[in-house]
Amino acid sequence: MRTTISSARARARGRRVAIGSAMLLGLSLTTLGPSAQAQEDSAGSRAAAQVVIWPLPTLYPVRDGYRDSDVVEVEFGDPGVREARIDILDPAGAVLATATAATPESFTTELTLPWGGRYAGRVVAAGTYTVRASGIDESGTAVDVRAPWVVSGKRLQWQTWSKRVAPRRSLAAWVVGNCSRLTRIGARGLGLHSQTSCRNPEASLISTTYAATLPQSFDGRYRSARVDVVGGKRRNAPAGRRHYAVLTYLDTTGELTYRRELPARRARHRGILAAPGTVLRGEPDRPTVIWHLGLTAGSQYDVTDFVISIQRRVLA
């Protein structure tokens, strides 16, 4: 006779651990009753129950749509056990939930117990709980099999992630007209200085493109992406000119969008909040945001930092 404890999800994934001794991977297996030798009949066909147990995945009972509940499924090998029962025990050993066979005197081959990590209408405390399956097999042996079930207090929630990115390190591409110059500013920054050697409008453009990889979201969901620019008019920039820079994002179709013209004053200038679905590119586990900064017509602008921020889902 073989006894199995599993969750429906674990069984669907085929995660199986065969137990050949009394202890493996921290799962304690106990069979109560006469020894196997005492149970053997003259034909040698009876023996103590053999047990296979599948680990249960961590339960997160705070209702957020992620693994809020699960179903413990116990399979009792043919012909099963009578007085079949499943109990969920708290760390102190108190019974929180129970499932029993409809007809205790009959041999039962399987039994299930759904549980959402709640007792008396409240979410239980985080900790290690116990699933206990019990019954009496055909040889009269009392079977008591136990497995741990971890309950976590973590939940899915929105978290704002923010990071300063050096313009020099994030620079991916650039176009600089013959009348202009792209230069280093300090250890991190860049200067976009238009018309430093001539005043030809057709040779005055400076166009720079930047890229940064964002952290992974637990469930792939993001919102409220934004790039801020720390900078302003070049110190000692020529008077009589309009000093500005234009910030845009590169969307998933390759178009520049969410345009904002940045003023001359030296400060942290907020970019426009962008819908992540329009500006995040690349693989789900390594999303990338690409943005563009440009100017012309004699504007001279220094950028010392970018600040990237986005809201992502985390399990915490």
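## The lining of the largest cavity

In this predicted model, the largest cavity is lined by Leu214, Ala225, Arg226, Val227, Tyr249, Ala274, Val279, Leu280, Val289, Ile308, Ser309 and Ile310. Sorted by class, the lining holds 10 nonpolar residues, together with one polar and one charged residue. At least two lining residues come from strand S18 (222–233), and at least two also come from strand S24 (300–315).

The space in this largest cavity comes to about 50 Å³, and a search of the whole structure finds one cavity of 30 Å³ or more.

## The largest nonpolar core

The largest nonpolar core has 30 residues, and those that touch the most other members are Trp291, Leu293, Phe306 and Ile308. Two or more residues are given to this core by each of strand S13 (156–165), strand S16 (189–193), strand S17 (206–213), S18, strand S19 (245–250), strand S23 (288–295) and S24. Among these contributors, S24 gives the most, with five residues.

Ile308 belongs to this core and is also listed in the lining of the largest cavity.

## Around Phe306

When neighbours within four places in sequence are left aside, the residues in contact with Phe306 include Trp291 and Leu293, as well as Tyr210, Val227 and Val229. Phe306 is also in contact with Lys163, Arg164, Val165, Pro167, Ser170 and Asp228.

Key: Residues are numbered from 1 along each chain as its sequence is written. This is a predicted model: local features need pLDDT of at least 70, side-chain atom pairs count only at pLDDT 80 or more; totals for chains, interfaces and linings use all residues. Side-chain values use heavy atoms; hydrogens and water are left out. On a 1 Å grid over the protein atoms alone, a cavity is a set of points where a 1.4 Å probe fits but cannot get out, and a pocket is an open set with protein on both sides within 12 Å along at least five of seven lines; lining residues have an atom within 4 Å of a point. Grid points are joined across faces, edges and corners, and a volume is the space filled by probe spheres set on the points. Helices (H or I, at least four residues) and strands (E, at least two) are DSSP runs, numbered from the N terminus. Ala, Val, Leu, Ile, Met, Phe, Trp, Tyr, Cys and Pro count as nonpolar, Asp, Glu, Lys and Arg as charged, and the others, Gly among them, as polar. A nonpolar core is a set of buried Ala, Val, Leu, Ile, Met, Phe, Trp, Tyr and Cys residues joined through side-chain atoms within 4.5 Å. Buried means under 20% relative accessible area, exposed over 50%, partly exposed in between (1.4 Å probe, protein chains only). Contact means heavy atoms within 4.5 Å.
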